[in-house]
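Subject: Structure handover

Hello,

Here is the structure you are taking over. My notes on what was found in it follow below.

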Amino acid sequence: MDASLFFAAAALAIVIYVLADGFDLGVGILFPVAPRDEHRDLMMESIEPIWDGNETWLVFGGTLLFAAFPIAYYVLLPAFYLPIMLMLFALIARGIAFAFRSQTTRFRRVWDAVFAGGSLLAAFCQGLILGGFIQGVPMRDGVFDGSSFHFLTFLGVLRGIGLIGGYALLGAGWLIWRTTGSLQTFAREVGHSALILAAAAMALVSAWTALTQEAVASRWFDWPNIGFLAPVPIITAILVVAIWRSLWQPNERLTFLLSAGLFLLGFAGLVVSLWPYIIPWKVTIWDGVTDAKSQLFVGVGVALIMPIVLAYQAFAYWVLRGKLDERRGIFGAPFETRNTYSRGKSLHFSCTSLGPAL
Amino acid sequence: MDAQANRLEVSIPRLASLYLTHSWDGKIGGLRSVAPADQPYVPLVFFAFRIMVGVGLILLAIAVTGAFLRWRGRLYDAPWFQKVAMAATPLGFVAVLAGWTVTEAGRQPFVVYGHLRTADAVSPISADAVTSTLLLFFIVYNVVLLAFLWFAARTVLKGPARTGMTEQSPKPGLDRAAPAVGGARPADPYGGPLPSPGE
C-alpha cells in the first residue's frame, strides 16, 4: 500500500472534521452576538444532535496519524502540546455547556459564556497549530527539539483569526439553511462580517506565507506551476464574491455550500504548499509512513470503519434534515420543553424530550 | 522490602499455578526471579492489589447476602442490608482505582513490559507544560463533579414524578408479591407522562 493512500484518508478525515465541526463551532462563535436568548436556544438546538458526531473526525484523524504516520504523531504532538491541550479543554468545556445550559436559569449566562468561549478558543487553537505547523518544527535525532511555546507564531495568530471568521461563516450558512424568521435574518447579516474576516485573513495568510516561506513561494510561483496554480487564487476571489452575493438570496443552502467550497480551496492550497511533507520540509509521507505490517493492519481497519462511520453520519443528517421548526413538527411537542419559555425544567423532562429525537 | 520476604501470608497451594499457567504444576517466577532494577515499588502494588481483591470479596458477599435475602423473601424488609448496600456504593470506584494502580505501578519500570522502560519513553514535553495541563484537568474535572452533584442532588431531592406504579406496588423495585403484568399499565421508562406542550 502506498503512503499517499493513508495521506488521502487522513486528509479526508481532516477535511470532514473542519467542515463538520467547523459549522457547529461557528454557531458557538456567533452565540454571543445573537440578539435574544430565544435565538441562542434555537442555535444550540440546531447543532445539539450532531456536534459530538462531528468531533468523531478529530479522533479519527488523530488516531490515523498515530497509526499510519507515527513520526508525525510523536513529533507534532509534543511540538503543539499546549495549543492541542487548550483546544481539548475548550471542546470539553463546550460539551459540558451543551449538557448543563438547559438545566439552569440562574447560571445560564455562565454556560452561554463557556459555550461561546470554548468554541472561540478551539477555533483559535486550531489556527495556532496550523500556523506553527507550516512554519516548521525544530527536530533533532528524530524527535521534537524546541520550547513549549515554539508553536506561537504570527502566522498562527493570523490563521487563528481567519479560522474564527471562516467557522463563523460556516455557522451562519448553517443557520440560514436550517432556521427561519429573525434567527435566519440575523445569520444573513452576521455572515457579511464573518466573510470579511475570513477573506481578509486568508489573503493576509497567503501573502505572508509566500513572502516568508521560500519553499512555498517557489512551489506556487515557479514555472510551470504558476500556469496550473494561478486559477486557484482567482477562483477563491470569485467564490468570496459569490458568497457575499448569496447571503440574501432565496436559495438558503447556497451560503453554506459555497463556504464549504472556500474551505476546500484553502485546504487544497495547503496541500499544494506542503506536499509531500507530513512534517513540513523535514519528513515526507513516504519516510514517515509506518512499516508494512502496520500498514496492512491500519489499511484494513480504515477500509472497514470509514464507510460505516460515513454511512451512519449521513443517515443521522438525513434523519435531522430540513428546517429546525419542521423538525420540531415531526417530533412533536417534546422539543418545546427545551426552549426559554419553559426554563428550569428538570433533568428528567430533558431526557424525555431527547428520547424521540434519538 | 529489602528482605524480599512476606512475613504474613495465607496461601492456597497450586491455585496461582492453575490460573497463571493453566497447569497444576506450572512454575511461577516470584518477585525474587526479577532483577531488583526491574522491580516496581512493591508496597504500593502489594497493598493496592489487596485492596482491590478485598473490595471484590466484600461486594461478592453483599451480592450473595442480597440473593439469599431475596430467596427468603426478606430483601425489602431488611433496612440494615439496604444501608449496607448504600454504603457500598463507592466501593466499586475504590476497586477500580486500586486495580488501575496495580497495573500501572506493577508494570514499572516499564511502559511496555520487558521492551520499553518508562525512562526511555518520556516525550520531549517540558514538565511545566504537563504540570499545568494536569492541574487544569484536576480543576475542570472537579468543577464538573461539583456541577453533577449539584444537579443530581436537585433531581433526587425533588423525588420521582407521580405515576400509576405506586398503586400496584407499595415497595420500590420488583416485588414477588406484586400482581402479574397482564392488564397493568406498561412501565414508563421515564417514570412519568410526557409534559404537555403548555407545561
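Both Asp24(A) and Arg94(A) are buried. Their side chains meet in a salt bridge, at 2.8 Å from N to O. The two residues come from distant parts of the chain: Asp24(A) belongs to helix α1 (residues 3-30) of chain A and Arg94(A) to helix α5 (residues 81-100), 70 residues apart. Please keep in mind that this is a predicted model.

Salt bridges

Side chains of opposite charge can pair when their charged atoms come close. Over all chains, the structure holds 13 salt bridges. Another one joins Asp41(A) and Arg108(A), whose closest N and O atoms are 3.0 Å apart. This pair also links distant parts of the chain, with Asp41(A) in helix α2 (residues 37-47) of chain A and Arg108(A) in helix α6 (residues 108-135) of chain A, 67 residues apart. Asp41(A) and Arg108(A) are both buried.

Arg101(A) and Asp112(A) form a salt bridge as well, at 2.5 Å from N to O. Arg101(A) lies in the loop between α5 and α6 of chain A and Asp112(A) lies in helix α6, so the pair ties together parts that are 11 residues apart in sequence. Arg101(A) has a relative accessible area of 3% and is therefore buried. Asp112(A) counts as buried too, because its relative accessibility is 8%, and the cut-off for buried is under 20%. Through shared partners, salt bridges join Asp37(A), Arg40(A), Asp41(A), Arg101(A), Arg108(A), Arg109(A) and Asp112(A) into one network.

Aromatic rings

The count of aromatic pairs over all chains is 24. One of them is the edge-to-face pair of Phe154(A) and Trp208(A), with 4.7 Å centre to centre and 65° between the planes. Phe154(A) is in helix α7 (residues 154-178) of chain A and Trp208(A) in helix α8 (residues 181-212) of chain A; the pair links distant parts of the chain, 54 residues apart. Phe154(A) is partly exposed at 48% relative accessibility, and Trp208(A) is partly exposed at 36%.

In chain B, Phe46(B) and Phe47(B) make an edge-to-face pair, 5.1 Å centre to centre with 80° between the planes. Phe46(B) counts as partly exposed at 26% relative accessibility, whereas Phe47(B) is exposed at 52%.

Back in chain A, ring pairs link Phe23(A), Trp174(A), Trp177(A) and Phe256(A) into a cluster. Trp177(A) also has the charged end of Arg178(A) over its ring, 4.8 Å from the ring centre. Likewise, the charged end of Arg321(A) sits over the ring of Trp318(A), 4.1 Å from its centre.

The chains as a whole

Chain A has 16 helices and 4 strands. Its C-alpha atoms fill a box of roughly 60 × 45 × 35 Å along the principal axes. Chain A has a radius of gyration of 21 Å, which agrees with the value near 21 Å for a compact globule of 358 residues. Of those 358 residues, 53% are buried. In chain A, residues 24 or more positions apart account for 79% of the contacts with a separation of 6 or more.

Chain B has 7 helices and 2 strands. From the N terminus on, its elements run α-α-α-α-β-β-α-α-α. Buried residues make up 15% of the 199 residues of chain B. Here, residues 24 or more positions apart account for 54% of the contacts with a separation of 6 or more.

The accessible surface is about 15700 Å² for chain A, with 71% belonging to carbon and sulfur atoms. For chain B it is about 15400 Å², with 70% belonging to carbon and sulfur atoms.

Regards

Methods: Residues are numbered from 1 along each chain as its sequence is written. Chains are lettered from A and ligands numbered from 1 in the order in which they are written. Side-chain values use heavy atoms; hydrogens and water are left out. Rings of Phe, Tyr and Trp (its six-membered ring) pair if their centres lie within 6.5 Å; planes under 30 degrees apart count as stacked, over 60 as edge-to-face and the rest as tilted. Buried means under 20% relative accessible area, exposed over 50%, partly exposed in between (1.4 Å probe, protein chains only). A charge sits over a ring if NZ of Lys or CZ of Arg is within 6 Å of the ring centre and within 35 degrees of the ring normal. Contact means heavy atoms within 4.5 Å. Accessible areas come from the Shrake-Rupley method with a 1.4 Å probe; for residues, only the protein chains shown count as cover. The radius of gyration is taken over C-alpha atoms; the globule rule is 2.2 Å times the number of residues to the power 0.38. A salt bridge is a side-chain nitrogen of Lys or Arg within 4 Å of a carboxyl oxygen of Asp or Glu.
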